[in-house]
Amino acid sequence: MRKDLQNALYADFPQLYREHKLSMDKSSMPWGICTGDGWEPLIRRLSEKITAIIEQLKASGDEDWEKIAASGVKEKYAELRFHMRLATEEIQEAIDEAKEESQRTCETCGAAGSIRDIGGWYTCVCNLCNAEHEASTD
Ligand SMILES: [Zn+2]
């Protein structure tokens, strides 16, 4: 993901993404958000949901909220993998929803897409990005 998009997510959700400042032996977050730019809107929506859940826990006096943080965000097998240090059932549900959405969202531009085999890599792309890719490899 482009650095400016990534840094905006870090700035807007500092609690969720605080591990990006850790060393690489402690978390995968220092690698950054390893997906295409097309998934930024769905990652942002997921971040909003998780942050709302953190706020609820905080308000209810549940001390676990402090342990909730993303420990790695990447694309694997054409879907979003969003790993948490600690997740409640509600957070896990939100992550599963985002994963499902990523399987039909073009990772390059965010349009409706489907999973295709591009040069041996499974990637979720739309028709337009797929055509562009084919044109560039011919
Ligand atoms: Zn696309």
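I began with Cys-109, which counts as partly exposed because its relative accessibility is 44% (buried is under 20% relative accessible area, exposed over 50%, partly exposed in between, with a 1.4 Å probe and protein chains only). I then looked up Cys-106, which is buried at 0%.

A note to myself: this is a predicted model, where local features need pLDDT of at least 70, side-chain atom pairs count only at pLDDT 80 or more, and totals for chains, interfaces and linings use all residues. Residues are numbered from 1 along each chain as its sequence is written, and side-chain values use heavy atoms, with hydrogens and water left out.

Next, the zinc ion. I found its protein donors to be the SG atoms of Cys-106, Cys-109, Cys-126 and Cys-129, lying 2.3 Å from it (donors are N, O and S atoms within 2.8 Å of the metal, or 3.2 Å for Na, K and Ca; water is not among the atoms, so sites may look incomplete). I read their spacing in sequence as C-x2-C-x16-C-x2-C. The arrangement is tetrahedral because the four donor atoms subtend angles of 106 to 115° (four donors need all angles between 85 and 135 degrees for this).

Then I turned to Gly-72, which counts as buried at 5% relative accessibility. Its C-alpha atom is 7.0 Å from that of Ser-27, 45 residues apart along the chain. Leaving aside neighbours within four places in sequence, I found Gly-72 in contact with Ser-28, Met-29, Arg-81, Phe-82 and His-83 (contact means heavy atoms within 4.5 Å).

Key:
Tetrahedral: all angles 85-135°; square planar, octahedral: opposite > 155°, others 65-115°.
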